[in-house]
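Student: I would like to go through this structure with you. Can we take it one question at a time?

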Amino acid sequence: MIEKAVPILDELKIEGLSKDNLSAAVLRLDLLHPLVSGNKWYKLNKYLQEVKEKNCRSVLSFGGAYSNHILAMAAACKEKDFISIGIIRGEQPANPSSTLLNAAELGMHLFYISREDYREKKIPPAVMEQFPSAYIINEGGYGHKGMMGAKDILAFPEAPGFTHILTAVGTGTTLAGLTAAAREQQQLIGISVLKNNFDLQTSINDLLGENEKNRFTLLHQYNFGGYAKHTDELIEFMNSWYRRTGIPSDFVYTGKLFYAFNDLLGKGFFPPSSRILLIHSGGLQGNHSLRKGTLIF
Ligand SMILES: *Cc1c(COP(=O)(O)O)cnc(C)c1O
């Protein structure tokens, strides 16, 4: 069971760390479960507890065709015996993504809505009729309970020993949880994978208490063109990172995180003796949408 799993801390042994007495480790949330990608499990946890407490039987959320959140929800709901409903952005495709195929196989009920309706998160009336008491979770698990669940990512004994904590950022719920859980002297750095998503600062602050607000730094220059966009440079980096470390990454989130870390390291961003934690938030299943052979892992 995922609940009991303790994440592995992978010490990095790469060039560029030793000269300033730096050290770094990767928290391998990607190893927790093949489908319930790392941080998604933590983010869903408190919502699903409430589903149970309220005796709801069905859970509904929103996502795109490659949404790790949708797939994680499908897997978690199957495990907990809840009915899962996915409201998916856009027309039903002739060839659904492997993310959606997997979600359907796990028993998720999928409904496609237009991009306009999706923007307003309009639930089709027929869905409301079929599942009148469905518990609704925001797109990406954004919200207070998601943040509270993400706090547990730092509930491992070595966590207080890190000076810097880096994570990839979509909705920012995970970064909010890490910020709320971190010690005051720890620096939190979020790598935004969306293009020019400058509302992030506010949406993360909205999840935080007064003295936690703005206690994190967002970097916007590592998005490689935006959400789920990638370049040859990013793919080459992911392959070379795997050769150097044995750690696989995904092109939507963690590839950009490791690229940013490597770049910051080369630029002397980290003060001497820093101890850096990189959160491997999972998402590897998303690589199935790349052409076979693109990645060496
Ligand atoms: C969803 C996701 C994120 C982003 O998490 P947020 O809490 O939305 O910022 C990061 N990494 C992976 C692999 C994800 O699937």
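Student: How many aromatic pairs does the structure hold?
Tutor: This is a predicted model, where local features need pLDDT of at least 70, side-chain atom pairs count only at pLDDT 80 or more, and totals for chains, interfaces and linings use all residues. Residues are numbered from 1 along each chain as its sequence is written, and side-chain values use heavy atoms, with hydrogens and water left out. Rings of Phe, Tyr and Trp (its six-membered ring) pair if their centres lie within 6.5 Å; planes under 30 degrees apart count as stacked, over 60 as edge-to-face and the rest as tilted. By that rule the number of aromatic pairs is eleven.

Student: Trp241 and Phe258 form an aromatic pair, but of which kind?
Tutor: A pair of aromatic rings is described by the distance of the centres and the angle of the planes. For Trp241 and Phe258 the centres are 4.9 Å apart, the planes are at 20 degrees, and the pair is stacked.

Student: Which helices does this pair of Trp241 and Phe258 link?
Tutor: Helices here are DSSP runs of H or I with at least four residues, strands are runs of E with at least two, and both are numbered from the N terminus. The two residues are 17 apart, and the pair links distant parts of the chain. Trp241 is in helix H9 and Phe258 is in helix H10.

Student: Are Trp241 and Phe258 buried or exposed?
Tutor: Buried means under 20% relative accessible area, exposed over 50%, and partly exposed in between (1.4 Å probe, protein chains only). By these cut-offs, Trp241 and Phe258 are buried.

Student: Why is the pair of Phe261 and Phe270 called tilted?
Tutor: Both residues, Phe261 and Phe270, are buried. Their ring centres lie 5.9 Å apart. The pair is tilted because the planes are at 45 degrees.

Student: Where is Phe224, and why does it count as buried?
Tutor: Phe224 lies in the loop between strand S9 (216-219) and H9. Ring pairs also link Phe224 into a cluster, with Trp241 and Phe258 among the other members. Phe224 counts as buried because its relative accessibility is 14%.

Student: Why is Lys121 called partly exposed?
Tutor: Lys121 is found in the loop between helix H4 (115-119) and helix H5 (125-130). Its phi is positive, about 50 degrees, although Lys121 is not a glycine. Lys121 is partly exposed because its relative accessible area is 28%.

Student: Why is Pro248 called buried, and which residues is it in contact with?
Tutor: Pro248 sits in the loop between helix H9 (232-245) and helix H10 (254-266). It is buried because its relative accessible area is 15%. Contact means heavy atoms within 4.5 Å. Leaving aside neighbours within four places in sequence, Pro248 is in contact with Arg28, Asp30, Tyr242, Phe258, His280, Leu284 and Phe297.

Student: In what order do the four strands of the open sheet lie?
Tutor: Two strands pair if DSSP finds at least two bridges between them. Strand S4 (residues 83-89) and S5 pair in the parallel sense over five bridges, and Ile85 stands opposite His109 in S5. The pairing in the sheet is parallel, and the order is S5-S4-S3-S6.

Student: Which strands are the edge strands?
Tutor: An edge strand here pairs on one side only. The edge strands are S5 (109-113) and S6 (135-136).
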